[in-house]
Amino acid sequence: MGLGVPAIPFTFVVHILGVAGIVMVLVWNIHFRGGLAWDSSNKALIFNLHPVLMLIGLIIIGGEAIISYKSLPLKKEVKKLIHMVLHKIALILGITGIYTAFKFHNESGIPNMYSLHSWLGIGVIVLYGIQWIFGFVIFLYPGASSTLRVNLRPWHVLYGLVVYLLAVGTASLGFLEKLTFLQNSAGLAKYGSEAFLVNFTAIVTILYGIFVVLSAISQGPPSDDDYAHI
């Protein structure tokens, strides 16, 4: 599967958008929302960890894990290990990010799991975990036969991209939900600088996801697995 276009231009854009996304989400939650905290008398600071961990972890590090095969000029086994480690970091940060949302809700007396964003979020993290376990068992340890790896690799890639796009969509819903809440309950100006920052962060998130997929399906050097059946 490939576009017939070199992966390098797409991966370069991915890295630029990733840095921009990290800076924007940190500026939003530290400068506009007051900072980050695990335990605080200001419970809102606990929730601020949620978008930071989800975006940096599940979206950005997860995206870097997806394109690692195309962007790293290393041996296959090294790239495979980096791919799995990055996905594991993304999964851990994603689980922690979801935990902070539950922690904030529980300490603030807010019901959990009442929105489409929360439903999709739980679904994404479960699917992401299943994908990681499947990849670890089949492609890393103990590892399946070469023939089975070749047959399952396209489905593994497709499943991973679908789950990743679902994560990007869920994150976009999260930005919308939080911005709507702030505008309705906290009096946030609809055309203020914070509102624009949140919307542009969501746009950067969507663009990042698009370029991750373009990089993943673009033409790249064949892997050793492509020749396993020859």
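**Burial and aromatic pairs in a predicted model**

Student: In this predicted model, which helix holds Ser172, and is Ser172 buried or exposed?

Tutor: Ser172 lies in helix H5, which spans residues 146-185. Setting aside residues up to four places away in sequence, Ser172 touches Ala202 and Ile206. Because buried means under 20% relative accessible area, the 16% computed for Ser172 makes this residue of helix H5 buried.

Student: How are the planes of Trp28 and Phe175 arranged: stacked, edge-to-face or tilted?

Tutor: The structure holds six aromatic pairs, and one of them joins Trp28 and Phe175, whose ring centres are 6.0 Å apart. This pair links distant parts of the chain, with Trp28 in helix H1 and Phe175 in helix H5, 147 residues apart. Planes under 30 degrees apart count as stacked and those over 60 as edge-to-face, so the 45° between these two rings makes the pair tilted.

Student: In the edge-to-face pair of Phe134 and Phe139, which residue is buried?

Tutor: The ring centres of Phe134 and Phe139 are 6.4 Å apart, with 75° between the planes. Phe134 has a relative accessible area of 31% and is therefore partly exposed, whereas the residue that counts as buried, at 9% relative accessibility, is Phe139.

Notes
Residues numbered from 1 in each chain as written. Predicted model: local features only at pLDDT ≥ 70, side-chain atom pairs only at ≥ 80, totals over all residues. Heavy atoms only, no water. Helix = DSSP H or I, 4+ residues; strand = E, 2+ residues; numbered from the N terminus. Buried < 20%, exposed > 50% of the residue type's maximum accessible area, 1.4 Å probe, protein only. Contact = heavy atoms within 4.5 Å. Phe/Tyr/Trp six-rings, centres within 6.5 Å; stacked < 30°, edge-to-face > 60°.
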